[in-house]
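Here are my notes on the model you sent, as numbered points. They go from the chain as a whole to two individual residues.

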Amino acid sequence: MSKNKDVQKAVLEYLNQQNRPYSAIDVFNNLHKEYGKTAVTKSLDELAESGKIKKKTYGKQCVYVANQDNFSSLSDAEMKTLETDVQKLTSKLQNLQNEVSLLEKEQKQLSCSLSTEEAQKQLETYTKDNGKLSEKLVKLKAGNAIVITKEEKDKIYQERQKCVKEWKKRKRMANDILNAILEGYPKTKKHLYEEIGVETDEDCGVTIPNV
């Protein structure tokens, strides 16, 4: 059998088995690219010309489907049997999909959990940290430890004042710009903030502290 006949045979068998419309590229891909795209397209056209399959053209798109005349008609009883089988398979598919979904959820939860070895290492780390903090707490309660010097404390307060001042300045500048935009903006302030991605202090649950 020639190579062209091999392609035609494979294409015809596939369309008859699936019995649904496909484009040439669909057939090419579904045959796992075993045959060249040009050879598949040529075989489809030749099969259509011989009447073994049907070809429908929609604009520039061509669709190929098995010739229904080659299939024997089914009785009402056979149709009902097939419909029952389809319903059973559909139900089975749904159950399997639900099972897969549950397994994927379980797998995700397990992948996020610590292994026994990781949990032991984490426990050791927390135990050491807890011991150090407990020792520090005892010293603080006894008043035997100098937590911070006056100079360090003054420096921290100065840095805090500087940061709060800059915070207020930047917030005022941002509000001035946004208010200027709102003068010509057709929608509400909330919509503008959502559109450009502005998050206010209130959105983040923070307020500017008093200096």
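1. Charge. The chain carries 37 positive and 33 negative side chains. The centres of these two sets lie 5 Å apart. Please keep in mind throughout that this is a predicted model.

2. Overall dimensions. The radius of gyration of the chain is 37 Å, whereas a compact globule of 211 residues would have one near 17 Å. Taken along the principal axes, the box filled by the C-alpha atoms is roughly 100 × 60 × 40 Å.

3. Burial and surface. Of the 211 residues of the chain, 15% count as buried. The accessible surface comes to about 17,600 Å², and carbon and sulfur atoms account for 53% of that surface.

4. Secondary structure. There are seven helices and two strands in the chain.

5. Contact range. Take the contacts in the chain between residues at least 6 apart in sequence: 49% of them join residues at least 24 apart.

6. Ala24. This residue lies in helix 2, which covers residues 24-30. Is Ala24 buried or exposed? Its relative accessibility is 15%, and because the cut-off for buried is under 20%, Ala24 counts as buried. Beyond its neighbours within four places in sequence, Ala24 is in contact with Val40, Thr41, Leu44, Cys62 and Tyr64. As for Asp6, it is 18 residues from Ala24 in sequence, and the C-alpha atoms of the two are 16 Å apart in space.

7. Asn67, location and burial. Asn67 sits in the loop between strand 2 (61-66) and helix 4 (76-112). Although placed in a loop, Asn67 counts as buried because its relative accessibility is 6%. Leaving out residues up to four places away in sequence, Asn67 touches Gly51, Lys52, Ile53 and Lys54.

8. Asn67, polar contacts. Which backbone atoms does the side chain of Asn67 reach? One is the backbone oxygen of Gly51, at 2.6 Å. Another is the backbone nitrogen of Asp69, at 3.0 Å. Gly51 is also among the residues that Asn67 touches when residues up to four places away in sequence are not counted.

Definitions and conventions:
Residues are numbered from 1 along each chain as its sequence is written. This is a predicted model: local features need pLDDT of at least 70, side-chain atom pairs count only at pLDDT 80 or more; totals for chains, interfaces and linings use all residues. Side-chain values use heavy atoms; hydrogens and water are left out. Helices (H or I, at least four residues) and strands (E, at least two) are DSSP runs, numbered from the N terminus. Buried means under 20% relative accessible area, exposed over 50%, partly exposed in between (1.4 Å probe, protein chains only). A polar contact is a pair of N or O atoms within 3.5 Å; within protein, one must be able to donate a hydrogen and the other to accept it, and residues adjacent in sequence count only if both atoms are side-chain atoms. Contact means heavy atoms within 4.5 Å. The radius of gyration is taken over C-alpha atoms; the globule rule is 2.2 Å times the number of residues to the power 0.38. Accessible areas come from the Shrake-Rupley method with a 1.4 Å probe; for residues, only the protein chains shown count as cover. Lys and Arg count as positive and Asp and Glu as negative; His and the chain ends are not counted. The place of a charge is taken as NZ of Lys, CZ of Arg, CG of Asp or CD of Glu.
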